[in-house]
Amino acid sequence: MMGHHILLCGAEAERIHSSLRGKAPEETDFSVVTHSYDLPGTDLVPKPILVVASADLADDPIFRSWRSRRLSDVPVVWITPDYLDSGGVLDSRSALVLPEDELSALPYLVNLAVRRDNPMIARRPVDRTRLPGIQKPNEIIGESEGIRRVLASARKVLNVRSSVLILGESGTGKELVASMIHLEGKRRDGPFIKVNCAAIPESLLESELFGIEKNTATLVDKRIGKFERADGGTIFLDEIGDMSLLTQAKVLRTLQEREIERVGGTHPIPADVRVIAATNKDLSREIREGRFRSDLYYRLNVINISIPPLRERREDIPILVEHFITRYCRANGLERKKVAEDVLDILMRHEWPGNIRELENTVERAVVIGEGPYLTPGDLPGTIQGSAGGGRTTVDEVPSFQKRVSEFERGVLIDALNRCSWVQARAARKLGMSERSMWHLFKKYRLDLVSRGTGKRGRRSNRKTSADSH
Ligand SMILES: Nc1ncnc2c1ncn2[C@@H]1O[C@H](COP(=O)(O)OP(=O)(O)OP(=O)(O)O)[C@@H](O)[C@H]1O
Ligand SMILES: [Mg+2]
């Protein structure tokens with residue numbers, strides 16, 4: 001058979017196959033493999049031009065070895081339930097991550113793979129900035145004393161196993177530094193598993209981290225936890241300041257004993273895992289107020305990397321701006337734009353409460369809405385132009401489809417939450433979505449910042465939510 005062969009792999013393979021029906025070029029054929037142990041032997045099937053696999057196969061030993069024997073130059077599209085924690089499956093070979101709810105992009109990727117001429121999938125590395133939800137290249141930009149100190153400490157810990165605690169305000173680059181430590185360190189060939197402790201409901205976090213032992217009496221299926229999946233690699237515990245005291249105790253034990261215990265398990269399993277934790281909370285205050293265990297803090301804090309906020313290293317702003325202009329002009333197929341002097345002045349003066357993420361979004365937006373070869377003050381949002389910009393706004397800017405959809409979605413969520421006294425589990429049921437999706441959307445739209453009239457704010461009340469639902 002002369003067709004282009006595509007391998008679909010993982011528990012969801014059937015479903016993915018049917019989602020592609022009629023949408024792939026005619027000369028394409030598929031093989032569908034639901035378990036890694038069913039992977040075909042060497043000569044039984046033609047070599048695929050593309051593999052679509054569920055992300056949990058990334059650290060499945062059978063799949064891993066099969067992939068390195070047969071597929072080292074074949075692009076893999078990993079399907080993840082959510083990209084908030086998809087960090088684990090990316091590697092330096094040509095792979096990209098597609099969140100489940102963006103499965104509709106898959107036929108497009110298949111078509112690209114068939115037309116090998118396309119730069120996105122043909123042999124060259126994937127430009128991950130081109131698709132939504134895909135991790136951006138790891139490059140830590142900056143020349144300030146502050147960022148140099150960060151890089152120097154990060155380099156020192158590349159090849160040791162000690163835990164690292166990364167502190168810094170939101171958007172300062174904690175995750176970027178964590179992934180750099182993994183990708184440049186001795187464990188780079190092992191998995192990098194990211195867990196966002198604030199995005200996973202309390203009631204699920206323990207099994208998410210440690211897995212579940214099969215229990216025939218209660219029909220509970222075995223599940224491998226993230227610690228176990230990170231064996232030989234790194235686990236990144238993001239927003240660890242949001243972890244409950246109970247889970248903290250389990251993490252502490254894991255760090256001390258170097259072994260894990262599945263929920264409902266009877267014997268510990270050894271795990272060789274390097275822990276990198278991050279938070280934007282003031283942990284000493286959390287400790288004083290009884291929300292964080294000091295013994296865990298000392299365990300994690302063996303090496304401490306504090307990333308200064310952008311307003312304390314403004315000298316990095318011009319080079320970051322250049323970096324993001326290059327990235328977003330390229331991603332949008334635009335000529336490389338330049339920055340007018342007055343724009344840079346405004347950017348240098350802004351306080352950047354959202355740090356680099358805010359700067360990055362600002363530049364991306366300016367690149368996209370601005371016309372002509374220069375970014376002008378009018379391309380900046382009013383809040384950033386402040387007094388300096390003289391209030392020139394872009395009246396005729398038409399919000400993109402995506403933006404309008406997002407605004408609508410956000411409105412629906414706030415409305416449902418208001419009706420359910422901000423009990424997320426209830427609002428999720430009302431909207432017919434899983435509690436987990438609700439958590440992700442809550443996070444995505446920063447609904448913790450929405451004033452809700454009841455005087456309650458943020459995560460404390462969320463915690464209660466997840467307990468409610470059990
Ligand atoms: N020094 C840097 N050079 C280039 N890009 C950076 C730098 N620092 C941060 N970024 C970019 O800024 C964005 C935010 O960074 P990151 O997600 O690592 O921050 P964070 O500290 O984990 O934020 P949060 O606390 O909100 O999760 C990312 O897109 C990242 O690539
Ligand atoms: Mg982060």
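The paragraphs below go from the whole chain to its parts.

This is a predicted model, in which local features need pLDDT of at least 70 and side-chain atom pairs count only at pLDDT 80 or more, while totals for chains, interfaces and linings use all residues. Residues are numbered from 1 along each chain as its sequence is written, and chains are lettered from A and ligands numbered from 1 in the order in which they are written.

The chain holds 18 helices and 16 strands, these being DSSP runs numbered from the N terminus (helices H or I, at least four residues; strands E, at least two). Of its 470 residues, 35% count as buried, that is, with 20 or more other C-beta atoms, placed from the backbone, within 10 Å of their own. Among contacts between residues at least 6 apart in sequence, 71% join residues at least 24 apart, a contact being two C-beta atoms, placed from the backbone, within 7 Å.

Five strands make an open sheet in the order β7-β10-β13-β6-β14, with parallel pairing, where two strands pair if DSSP finds at least two bridges between them. At the edges stand β7 (192–196) and β14 (303–306), each with a single partner strand, so one side of each is left without a neighbour in the sheet. Neighbouring strands of this sheet are turned by 20° against each other on average, direction ignored; the axes are lines fitted to C-alpha atoms, for helices over the stretch in contact, and angles run from 0 to 180 degrees between N-to-C directions. Strand β6 (residues 164–167) pairs with β14 in the parallel sense over 4 bridges, and Leu-167 has Ser-306 of β14 as its bridge partner. Across β6, β7, β10 (234–238), β13 (274–279) and β14 lies helix α5 (residues 174–184), which runs at about 170° to β13.

In total 18 residues surround ligand 1, the closest being Ile-141, Ser-170, Gly-173, Lys-174 and Glu-175; a residue belongs here if its C-beta atom, placed from the backbone, lies within 6 Å. Because domain 2 (145–308) and domain 3 (311–385) both give residues to this shell, ligand 1 lies between them, the domain bounds coming from an automatic or database domain assignment.

Further along, helix α17 (residues 435–444) has Met-438, Trp-439, His-440 and Phe-442 as its buried residues, and what covers them includes α16 (424–431). After α17 comes Arg-446, whose phi is positive, near 50°.

Definitions and conventions
A residue is buried if 20 or more other C-beta atoms lie within 10 Å of its own, exposed if 12 or fewer, and partly exposed in between; C-beta atoms are placed from the backbone.
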